[in-house]
Amino acid sequence: MMVAADPAPLSRPIRVLVAKPGLDGHDRGAKVVAAALRDAGMEVIYTGLHQTPEMIATAAVQEDVDVVGLSILSGAHMTLFPRVRALLDEMGRADILLTGGGIIPDEDMAALAARGIGTLFGPGTPTGDLVAYIQGWARTSLRP
Amino acid sequence: MTTPTDRDELLERLRTREAEIADLRTRLAAWEAAQAGQPVRRDTDFTSLSGRELAPVYTALDAAGPLELPGEYPYTRGIHPTMYRGRLWTMRQFAGFGTAEDTNRRYKFLLERGQTGLSVAFDFPTLMGYDGDHPRSEGEVGKCGVAISSLADMETLFDGIPLDQVSVSMTINGPAAMLFCFFVAAAEKQGVPLARLQGTVQNDILKEFVAQHAWIYPVEPSLKLIVDMFEWSAEHTPKWNSISISGYHIREAGATAAQELAFTLLNGFTYVERGIARGLDVDAFAPRLSFFWDVHSDFFEEIAKLRAARRIWARHLRERYGATDDRSLKMRFHCQTAGVSLTAQQPLNNVARVAYQAMAAVLGGTQSLHTNALDETLALPTETAVRVALRTQQILAHETGVASVADPLGGSWYLEALTDRLEAEAEAIFAQVAEMGGVVPAIEAGWFQREIAQSASRFQVEVETGSKTVVGVNAFVEDREEPIEILKVDEAAERAQRERMARLRASRDADLVAERLAALGEAAREDRNVIPAMLDCARAYCTLHEIRHELETVWGAYREPVFF
């Protein structure tokens, strides 16, 4: 049986933008995730609160990140994820992984996945799962 | 008068007591030596939820317990002599979603089922001072609470609910003054005398900067607006609580019990200082200051926190701020069970968590209580889930017997020792913040925010390494979980709110709106109390964002220090 060789490891840290879109002020999760990704060796930028999708997409492009993670606990996920995805695509950055988490019902997660959004994580997810997901994506999607 | 015989008897009793204490000390030392090296369970590190080291047993050596009665200064044991014998706590479920009509229906549902007060949850646009038809509100209207963009919405929200009979709490901070004015104007329309309005507006901007983040203006003008409310309310709405100084959001954002206690009390002291600096008599406004605590899962730690809070507040108000009216010294508070403790995994288990937390709130002497619904980590609650939450309080009140005796745990060595410990830890934090120059410089330096973020990260690590067990999350996990029914707020609420706003803007007197807004801006520029002018704006159907914007042109906007 043929086994594909593991791609070469990335020679630089993965760059992640953690963002809080909309008016939702719950940033405990965003800050815990940002700290966990940083502790896992990634370069993490946190936008702060109350960002518009335009502000987030612009920051992602300017900071040349690999991954954007949105934290949404306000119920506005069906509006905000597709908007940020569309803006990144318009700016020529369809390569950026858009992922995130928050209070998002399973059926909405499935609907968003069908619209090109990466895996989304709900309450109680160990931060190790996010690290593994992003590292797994980077191994196959980023050039070393 | 003490007779010689009495004195001898007393001395003999003291000698006996001393001998008993000495004997206890010896036996405790032997007991501890015997326990050393004995096997203990490995599934816990035996620290409290907040990481406090706990002894395996507490004795009379740890705490004498106050020789204090409930209703006596400094109110460790409660603010009323017989506590719940006179009156049960107010069962007040926080609720709001969709449009004002949707939420009005939910309020009537709750009142018909024995709820005794209302508590308004606003949506994010309202919390931030945006109208439902503002571009920044898109996708968020009615999602996490009810959309209230003007007096017209407030009238609908309380349609058929007499505001002189039902007390109403409103969780609103950045635009607290605006929503308060809408409420007052709605009460006027119902023909209710303002002096009879009962309820609370949260109005605690300091904890917004510290933890909850629904701010608008910079710190100083925000504080000015709050003192304006104190001043206006003291005169016109004497039964209304003009602030609810809140630990809830500080705790939910990650703070420990001691941090919640200390940070919240510090905010309270800051409001008192600002009121006094305005020239108000402390006893004129302090009786209307109320508090709001999170009640988390560590049963005794939470009860101790509530007892310590009352004691510290009474002492500082009397000794530092010169309050003499008992009503200024008595800390009244609302409690809510800890949303952050609910799990998305096996959500029915949350009913048990909420019940234990609710019991801690009552044993801690709360004046009102919200019990979370089991599904609130997944969505806003369904009617079924809300009913179970309310029934949990009714079972607590009427079946468990805990409401029959005031401070039934008073005198427990463990609880009294914890109460003393929490008080000492809070005092240590007060000293630390005083060194930074007080609450406002500490906020501007991001100190509170950083402390909270660090506590949140520490707890996450404890859960992930298993030193803290969360049932259904890192232990006792089910492979397959049955999904539960959840409430979905669709986009219809947003469309409906846009239509309401369009009708309002078309039908009101536009000249009057412009004139009233200009008068408000004038009051702010001249540094007068802005509440009378704002109330005039409300009466003329100026919208929330119009009022926010008018003041923003004078005061500017807050910029947060960003870090993690």
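Trainee: What pattern does chain A follow, read along the sequence?
Mentor: Chain A runs β-α-β-α-β-α-β-α-β-α. This is a predicted model: local features need pLDDT of at least 70, side-chain atom pairs count only at pLDDT 80 or more, and totals for chains, interfaces and linings use all residues. Residues are numbered from 1 along each chain as its sequence is written, while chains are lettered from A and ligands numbered from 1 in the order in which they are written.

Trainee: How many helices and strands does chain A have?
Mentor: Five helices and five strands. Helices (H or I, at least four residues) and strands (E, at least two) are DSSP runs, numbered from the N terminus.

Trainee: In what order do the strands form the sheet?
Mentor: E2-E1-E3-E4-E5, in an open sheet with parallel pairing. Strands pair if DSSP finds at least two bridges between them.

Trainee: Which are the edge strands?
Mentor: E2 (43–46) and E5 (120–121) of chain A; each pairs on one side only. E1(A) and E2(A) share four bridges. A:Val16 has A:Val44 in E2(A) as its bridge partner.

Trainee: Switching to H2 of chain A. Which residues are buried there?
Mentor: A:Pro53, A:Ile56, A:Ala57 and A:Ala60. Buried means 20 or more other C-beta atoms within 10 Å of a residue's own, exposed 12 or fewer, partly exposed in between; C-beta atoms are placed from the backbone.
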